[in-house]
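Open the model in a viewer and keep the selection panel at hand.

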Amino acid sequence: MKLRATLIGFTAILMWSILALLTAASGTMPPFQLSAICFAIGSIPGIVVLLLNPSRLALLKQPAKVWVTGIAGLFGYHFLYFTAIRNAPAVEAGLIAYLWPLLIVVGSALLPGERLRWYHVAGALAGLCGTFLIVGRNGINFDGAYAVGYGAAFLCAFTWSGYSLLTRRFDAVSTDVVTGFCIATSILSLICHLGLETTVWPETALQWIAVVGLGLFPVGAAFYAWDYGVKNGDIQILGAASYAAPLLSTLNLTLFGFAEPSWRIALACVLVTGGAVLAANEMFRRKATMVEQGAIA
C-alpha cells in the first residue's frame with residue numbers, strides 16, 4: 001500500500017517536469033485565462049468520480065483553513081508560474097520556480113522535532129548560487145529586462161513550498177477535496193481574467209493541444225497524485241525525488257527547442273539540484289539505516 005502510494009506520488013513529479021514545456025508551447029494566452037481553462041479541465045476527473053459516487057460529496061465539507069490553504073496554494077502558484085514563463089526565458093524561470101523542493105527541505109528542518117544542520121544551510125547556499133547564475137547575464141549583473149518574470153518565479157517557489165508544508169497538517173483530509181480546489185481556482189482565475197485581461201485564444205492546433213495537456217496532467221492529474229502520495233506514501237522519498245524535476249524540465253525544454261544548451265544553464269541546474277540533495281542528506285541517511293536494519297533483521 002505504501003509503496004503503491006509513493007509510486008503514484010512520483011507520477012506527479014514526472015507530470016510537473018513538462019509544465020514549462022507545455023506552457024511555452026501554449027501560445028500567448030494571458031495567465032488568468034490560461035489558469036481558468038486548465039483548472040476547469042483539471043477538475044473534470046474529480047467531478048466524474050463524484051458523479052459516479054455521490055456519497056463522496058460529503059468529503060468536500062472541510063474547515064475553512066483547508067480551503068484557504070488549498071486555493072491559495074493552487075491559484076497563487078500557477079498564476080505566478082505562468083506569469084514568470086511569460087516574462088522571462090522558460091529555462092531560467094522554470095529553474096528558479098523549482099527552488100521549492102529546497103525550500104521545503106529547509107522549512108521542514110524548522111518544524112517541531114527537527115533541527116537546522118550545516119548541510120541544510122550549505123544546500124540552501126548552493127541553490128542560491130545556482131539561482132544567481134541563472135538570473136545573472138553578465139557576471140553578477142542582474143538583467144532588469146526579466147525582473148518581472150524572475151520575481152514571479154521566486155514568489156512561485158515560496159508559494160508552493162509554503163502550501164506543501166501547511167498541507168502536511170491535513171493528512172486526514174480526503175484527496176477528493178482537490179476537485180474543489182481546482183473548481184474554486186478556475187472560477188477565481190476567470191473572474192480575474194474578465195476584469196484584468198484581454199482574451200487571447202490559441203492560434204494553432206498545437207497550442208490547443210498544449211493547453212489541454214496542461215489541464216489534464218501538470219495542472220490536473222498531478223495534484224490528485226501528489227495529494228494521495230504525500231498522505232499515504234513515503235513523503236521523504238517523494239521529497240527527495242522532487243529534486244529531479246528541474247533536470248527533467250530543462251531537458252524537455254532543450255530537446256523541444258525552447259532553450260539552447262549552455263554551460264551556464266547546466267551549471268546552474270547542478271547547483272540548484274545538488275544543493276537540494278545536500279539539504280536532504282539526513283533523509284537519505286535515515287533511509288539507508290532503515291534498509292540496513294531491515295536486512296539484518
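Start by selecting Ala-145, which counts as exposed because its relative accessibility is 63%, and the cut-off for exposed is over 50%. This is a predicted model. Ala-145 sits in the loop that runs between strand S2 (141–142) and helix H8 (147–167).

**The whole chain**

Zoom out and colour by secondary structure. The protein chain has 14 helices and two strands. Colour next by accessibility: of the 297 residues in the protein chain, 52% are buried. Among contacts in the protein chain with a separation of 6 or more, 87% are between residues 24 or more positions apart.

**Helix H1 against helix H10**

Select residues 2–16 for helix H1 and residues 205–232 for helix H10. How far apart are the axes of H1 and H10, and at what angle do they pack? The axes are 7 Å apart and the angle is about 150 degrees. H1 is therefore roughly antiparallel to H10, since angles over 145 degrees count that way. The crossing of H1 past H10 is left-handed.

Show side chains for the contact. On the H1 side, select Lys-2, Arg-4, Ala-5, Ile-8, Gly-9, Thr-11, Ala-12, Ile-13, Met-15 and Trp-16. Their counterparts on H10 are Phe-217, Pro-218, Ala-221, Ala-222, Phe-223, Ala-225, Trp-226, Tyr-228, Gly-229 and Asn-232. Sorted by class, the H1–H10 contact consists of 14 nonpolar, four polar and two charged residues.

Stay on H1 and pick Thr-6, which belongs to this helix. Is Thr-6 buried or exposed? Its relative accessible area is 9%, so Thr-6 is buried, the cut-off being under 20%. With neighbours within four places in sequence set aside, Thr-6 is in contact with Gly-233, Asp-234, Ile-237 and Leu-238.

Move to H10 and pick Gln-207, a residue of that helix. Gln-207 is buried as well, because its relative accessible area is 17% and the limit is under 20%. Its side chain reaches the backbone nitrogen of Glu-203 at 2.7 Å. Which residues does Gln-207 contact, leaving aside its neighbours within four places in sequence? They are Ala-25, Ser-26, Gly-27 and Pro-202.

**Helix H6 against helix H8**

Select residues 100–109, helix H6, together with H8. The axes of H6 and H8 come within 8 Å and cross at roughly 45 degrees. The two helices are therefore oblique to each other. H6 passes H8 in a crossing that is right-handed.

For the contact, show Trp-100, Leu-103, Ile-104, Gly-107 and Ser-108 on H6, then Ala-157, Phe-158, Trp-160, Ser-161, Ser-164 and Leu-165 on H8. By class, the H6–H8 contact has seven nonpolar and four polar residues, and no charged residues.

Select residues 90–97, helix H5. How many of the eight residues of H5 are buried? Eight of eight are, and H5 is mostly covered. The buried residues run through Ala-90, Val-91, Glu-92, Ala-93, Gly-94, Leu-95, Ile-96 and Ala-97.

Val-91, Glu-92 and Leu-95 of H5 make the contact with Arg-264, Ile-265 and Cys-269 of H13. The classes in this H5–H13 contact are four nonpolar, no polar and two charged residues.

**Last stop: Ser-55**

Finish in the loop between helix H3 (31–52) and helix H4 (64–87), where Ser-55 lies. Ser-55 is exposed, because its relative accessible area is 54% and the cut-off is over 50%. Show the side chain of Asn-53 too: the side chain of Ser-55 makes a polar contact with it at 2.6 Å.

Methods. Residues are numbered from 1 along each chain as its sequence is written. This is a predicted model: local features need pLDDT of at least 70, side-chain atom pairs count only at pLDDT 80 or more; totals for chains, interfaces and linings use all residues. Side-chain values use heavy atoms; hydrogens and water are left out. Helices (H or I, at least four residues) and strands (E, at least two) are DSSP runs, numbered from the N terminus. Buried means under 20% relative accessible area, exposed over 50%, partly exposed in between (1.4 Å probe, protein chains only). A polar contact is a pair of N or O atoms within 3.5 Å; within protein, one must be able to donate a hydrogen and the other to accept it, and residues adjacent in sequence count only if both atoms are side-chain atoms. Contact means heavy atoms within 4.5 Å. Axes are lines fitted to C-alpha atoms, for helices over the stretch in contact, and angles run from 0 to 180 degrees between N-to-C directions. Angles under 35 degrees count as roughly parallel, over 145 as roughly antiparallel, 65 to 115 as roughly perpendicular and the rest as oblique. A crossing is left-handed if the near helix is turned anticlockwise from the far one by less than a right angle, and right-handed if clockwise. Ala, Val, Leu, Ile, Met, Phe, Trp, Tyr, Cys and Pro count as nonpolar, Asp, Glu, Lys and Arg as charged, and the others, Gly among them, as polar.
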